[in-house]
Amino acid sequence: MDKLWIINRSTEKALAVLTNSSNKSCTFFNAVHRESINEFEQLEFSIDATHEDSEYVIEKNFVCFRDLDGLYRLFIIQDIQETHDSIKTKKVICESAASELLGEPVEDITISNGTAEYALDRILSGTRWQVGTVDNLGEHDDRFYRGNVIRWINRILEIWGGEVRFRVTIANNRITGRYVDIVSQLGNSVRKRFEYGKDVQQIEKKVDAKSVVTALYGYGKSDRDENDNETYVTLENSEWSVDNGDPTDKPTGQSWVGDSDARDAWGMPNGDGTYRHIFGEFTDSDIEDPEELLQATWDELQKRKEPLVEYTATVVDLERAYGEDYSHEAIRLGDVVFVIDREFAPELRAEARVIGVERHLDRPQDTVVTIGNFLPKMADDSAKLRDVERRVGEKIGVTDPIRTSWLSGALDAINNEIYAGGGTVVTTNDGINILDKPLDHNPSKSILMNNGIVAVSNQKVNGDFVYEDALTGDGIVASVIRSGTMLSDRIRGGTFYVGGTIEGVGQNGVLYLLDDKNEIVTTLSAEQQGFSKLYVGELSGENVVVKGSEDKTIYVDPSSGSNEKDGSSWENAYQSLQQAIDENVKEVNIGRITFRIKSGTTVDEEIVLDNIIGPGRLDFDFQDDSTNLYGYFRVASCLNRIYIYDGTFTHSGSTHPNDGKPYSVIRTLMTNWVSINRTKIQGDGKCDYGIASEGANIVVSDCEIYDVNSGCLYATIGGHIASMNNIGSGGYGARATNTGTICGWGTYPSGSTANIHATSGARIWLTGSADDGSGGGSYDPQPVTYTWSQKDSLSWDSKWGWNTWDPNEVTQGDPGSWGDAGLHRGCWFFDYNDIRSKLAGKMITSVKFYARRQSRGGYSASRPVYFCTHDRSSASGTPSMSGATNAGSFKWGDKKWVTLPKSFGERLRDGDAKGIGIYTSNASNYYYVLMEEACTLKITCE
C-alpha cells in the first residue's frame, strides 16, 4: 500500500507510480482508503503538483494500489482540487472503478433454481467485469427486470446472501481483468478484542435505545371480510409453551409474543420493582400460517429487543506500523471481533464485526475501524482486556515526542522562517522587537512585546512601524488575524461575515462544515447561493414541498383577529382566512385541519386552494348563515377531501387571474372531493355560476343558490356534481356541457331560461323537482370590490436615486454594512387614472394589499413593513411618501394580504396619491427588507 499506480483510462496502461520511498518519485500524502461492507470503496490523497508526473493525475484516469492481502484495488479519479499556497498541491478524490456498473443496464433476466454465481454471470454479461470467486449460497428463483447492474448485485446479496468485493488483476503494468467476488462473509473470525474506555487511542460509542421493543404484535397476509373490512393473519390462534421446548410461553388468544428477560432489562418500570413491555409491530404480508408467523415474529424480536450499539475506534494499525511480527494484530473488513463495554449493567460482551475501515496509507497510527452488526451477549462475569493497550503502550514511550501533525497553515510558515534564521531579536526601550530582517536590511515585519502586550506590524509610516494590538492578558484583540488553518473549539460574536471585498479584492464567501473524519459534509457558498447538503427539522421556501400530518383546529376572526397570531384559539385567532390556510396547510397534507370562522363576521377576501396533495382533509366551518364570505372560493388540483358548510357566500365581482372574468362563487377544478353543505350562495348578478365543477368531483346538499347569470349548478369537461335537496334560481337551475354530469335526488334550483340544460355529450339525472326557494335572491346588494395589479415597480434611495439596476425589487430601509446605498423608498406603480375613475363618488370601506417578501436581503426573520402612499406615476423625481403604517411583518418568503388604512383609498380616489409604497425613516438595517415586484391592490367601496 506504499505505491499508487496512475493508469491511462484509454490504454489501461500504467503512466506513473506515486511513492514515498524514492526522492525522485512523485510523492503522496494525506492518503485515506475507506471501505465498508457491501458499499463502494473510496480513495483520496494529495500530491506535489509541481512534480512532472502530476500531469498524469487527471479526472477519469485510474488509480490502483495493492492491498495488504495482495489484491489490486482500482479507482477512477472523479475530482481534483488544486491549491496554490507555499507549495502547489492537488487533492485527488476517487471512487471505486466498479461504480461504472451503475451505467450498465439490465433489461430482463429470469433465474430459476439458479446459484449466485449463475445469476451474477447473467447480469455481468456484456460489461467489462466478470465473475470472480463466488461461494455456494444455495439456489433461488428471481427476476431482474430493468435497472443497472449494481441494483441487481444488491438483489443477489439480498436473496442469496453473501458480501461483495471488487478487484482487478495487473500484469506488465496493464489491467488484465476485472472481477466481482461474492463470498459468504468477508474477513476472518480473529476474535481481536476491544474494550470501551481502555484503548489508549480512542473508541467512540454510539447507543440508540429508541428502537428497543420487548414484545411484538405479529401480522401476516391481509384479506377482506364480508363487510369489506381489512383483516390480517395474527398470532391469536398460535400457541407456545416452554414446557414443550418453545423459547417462551405464548397462550392461544394472545396477539403478541414477548421476551420476559428483555422486558426486565429494558422495559418500562411500574414503580413497584416490576416492568411493563414496550410493544412494537411486525408484518410479513407473505405469511399465511399463524405458527410460521409466530416464529418469524419471535426472530424479529430477537433483533429489536436490545439497543443498537456502534463503536468507532481509532487504533494503531500494528500490522502496518511494525511489520510481520504483528501480523496477528491484522484488521480486515468483515473480521469478527470481541467488544466489552462495562458501562452497561450487566456489562455488554458483544461479538461484532468490522463493518468499516479507514486506513491512512501514510499514517498507520490514524487507522479508524467501525464495529457494528452486533450479536449481544449479556454476562455477569468478565475478563480484563488489555491486548491493544499493552501493544500500543509498548510502542509509544513516555519520552517519545508528542505528534503535532495537526498544526498547519500559518504555524508551518512561521516555523520555517524561525528555523531558517531569518528573524532578528532587538531589545530597545520600547521592548523586545522581533524583526524579519536585521535593522540595516530594511525589515518589513515586526513583533513588539512590552507591558503585557504583543503588537504586530507589516507596514511603516515615515520609516516607523505602525502597530496593531494582537495579544494582551485579556486575550487576542487583533483587528486582523491571518492564518492558513485556525483551530478553535468555539467562535462567537454578534456578526459573522464570510467573503466580500477585502483590501480591494472581492470574492464569494464559502463556509465548509466537516465531520470527524475531515470530510466536507455541507458547503454554504455565496456563488451557489445555498448548501450542498442540509438537514432541518422543518423547512420552508419557494421551491420546497412540505408535508403536514397534524390534526388541528384553526380559528379565524375577521373582525378582531390578528395575522401575527397562530390561530390556536379564539383569543389567538387569525384575521385572514387565506393567510390561515397558507401558513397551516402544507403542499402534502395527511392530517385533518378544521378552519372555524367566527359567527356573524365577514371574510372579505378571495379564497384559493391550489395543489394540495395527500390523503388529508380540510374543513371550512362558517358555523351559520350569519357568517359571510364576500369574494369567491376557488379550489384547483387538490387531492385532499374538502368540506365547506354553514355559511353565506356572495361574489364580489372580482376575477381570478386564470379565469378571465367573474366566473363562479365556488369553483372547483381537477379536484378529488369537495362537499358543500347548508351554504347560501349569492351571485349578486356579478358572476356566471353559483357552484361549478370542471374535472372535479363535488357533492352539493341542502344549499341555496341565487342571482347567477348562467347556471346555479354547472359541470363541464368531465366534472361531476351530486345534488341533494338544493333550491334557488338563476339562468339555468342545472347546466352541464362537454361531458360534465349532474345527478341526484330531491329538489334542485330552478332556472329562468330552463331548469335543466345539457349539451356536448353532457348528462343530467335529477329525480326530484325544481324549487326556486319561494322568492330567493332577497339578499341586500353588496359593496363593490375592485382589484388592480402593479404595472411597474422600482426603489429610490437617498444616495443613488432610482435603483434602475434592480427593477424587480421594492426595498424598505437602509442596508447599512450590507450594501452601498442609502435609505430606500420602495414604490409600486398602478394605473391611477383607472383607480380614480372607478372610485369616483364612492365611499371607501376597506383597502387591502397582497405582497410577498423575497427570500433574500436583510434578516431572514420576521420584520415590520411600513406601507404608505406615494405621489409618483413612474420612476421620476423624488417620491413623497405619506402615512407610513406598520400593516404587518414579513419573514423571508412570506406572502399575504395586509389591511391598509381607508385613508389610503381616499387619497388614491381624490388624486392625492398615485401608488402604494414602503418606507421607514429609521436607518437601522433591522428594517431592511426586499419585496417582490408582483402585488395586488383591492379596494371595497359603496
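**Figure 1. Cys-868 and its bridge partner across two strands.** In strand 67, Gly-917 is the bridge partner of Cys-868. This view, like the others here, comes from a predicted model. Strand 64 and strand 67 (residues 915-918) run antiparallel and are joined by 4 bridges. Both strands belong to an open sheet of 6 strands, in the order 60-59-62-67-64-65, with antiparallel pairing. At the edges of this sheet sit strand 60 (801-802) and strand 65 (881-890), each of which pairs on one side only. As a reminder for reading the view, strands of a sheet pair through backbone hydrogen bonds, either parallel or antiparallel.

Figure 2. The chain has 69 strands and 10 helices. It is made of 942 residues, and 44% of them count as buried. Of the contacts between residues at least 6 apart in sequence, 59% join residues at least 24 apart. The chain exposes about 47900 Å², and 45% of that area is supplied by carbon and sulfur atoms.

**Figure 3. Stacked rings of Phe-633 and Phe-649.** The structure holds 26 aromatic pairs. One of them joins Phe-633 and Phe-649, which are stacked, with 6.1 Å from centre to centre and 15 degrees between the planes. Phe-633 sits in strand 46 (residues 633-636) and Phe-649 in strand 47 (residues 641-651), so to speak two ends of a link between distant parts of the chain, 16 residues apart. Are these two residues buried or exposed? Phe-633 is buried, and Phe-649 is buried too.

**Figure 4. Trp-828 stacked with Phe-867.** The ring centres of Trp-828 and Phe-867 are 6.4 Å apart and their planes meet at 15 degrees, so this pair counts as stacked. Because Trp-828 lies in strand 62 (residues 824-829) and Phe-867 in strand 64 (residues 863-870), the pair ties together parts that are 39 residues apart in sequence. Trp-828 has a relative accessible area of 0% and is therefore buried. Phe-867 also counts as buried, because its relative accessibility is 0%.

**Figure 5. Arginine side chains over aromatic faces.** Two places are worth a look here. Arg-667 lies over the face of Tyr-663, at 3.7 Å from the ring centre. Arg-178 lies over the face of Phe-62, at 5.6 Å from the ring centre.

Figure 6. Three strands form an open sheet in the order 18-15-21, and their pairing is mixed. Strand 18 (256-258) and strand 21 (279-283) are the edge strands, each pairing on one side only. From one strand to the next, the twist averages 30 degrees. Strand 15 (residues 215-219) pairs with strand 21 in the parallel sense over 5 bridges. Within this pairing, Phe-279 in strand 21 is the bridge partner of Ala-215. Helix 4 (residues 290-304) packs on the sheet and touches strand 15, strand 18 and strand 21. The direction of helix 4 makes about 145 degrees with that of strand 15.

**Figure 7. Strand 4 between its two partners.** Strand 4 (residues 42-48) is mostly covered, with 5 of its 7 residues buried. With strand 3 (residues 28-36), strand 4 runs antiparallel and is joined by 5 bridges. Arg-34 stands opposite Gln-42 in strand 4. The hairpin of strand 3 and strand 4 has 5 residues between the strands, and in this hairpin Asn-38 takes a positive phi near 60 degrees. Strand 4 also pairs with strand 7 (residues 88-96), in the antiparallel sense and over 7 bridges. Here Leu-43 stands opposite Cys-94 in strand 7.

Figure 8. Gly-728 is part of strand 54 (residues 727-737). Why does Gly-728 count as buried? Gly-728 counts as buried because its relative accessibility is 0%. Which residues touch Gly-728, leaving aside its neighbours within four places in sequence? Gly-728 is in contact with Ile-705, Tyr-706, Pro-749, Ser-750, Asp-771, Asp-772 and Gly-773. Gly-728 and Ser-750 are 22 residues apart in sequence, while their C-alpha atoms are 6.2 Å apart in space.

Methods: Residues numbered from 1 in each chain as written. Predicted model: local features only at pLDDT ≥ 70, side-chain atom pairs only at ≥ 80, totals over all residues. Heavy atoms only, no water. Buried < 20%, exposed > 50% of the residue type's maximum accessible area, 1.4 Å probe, protein only. Contact = heavy atoms within 4.5 Å. Areas by Shrake-Rupley, 256 points an atom, 1.4 Å probe, with all protein chains shown as cover. Phe/Tyr/Trp six-rings, centres within 6.5 Å; stacked < 30°, edge-to-face > 60°. Lys NZ or Arg CZ within 6 Å of the ring centre and 35° of its normal. Pairing = 2+ DSSP bridges. Axes fitted to C-alpha atoms, helices over the stretch in contact; angles between N-to-C directions.
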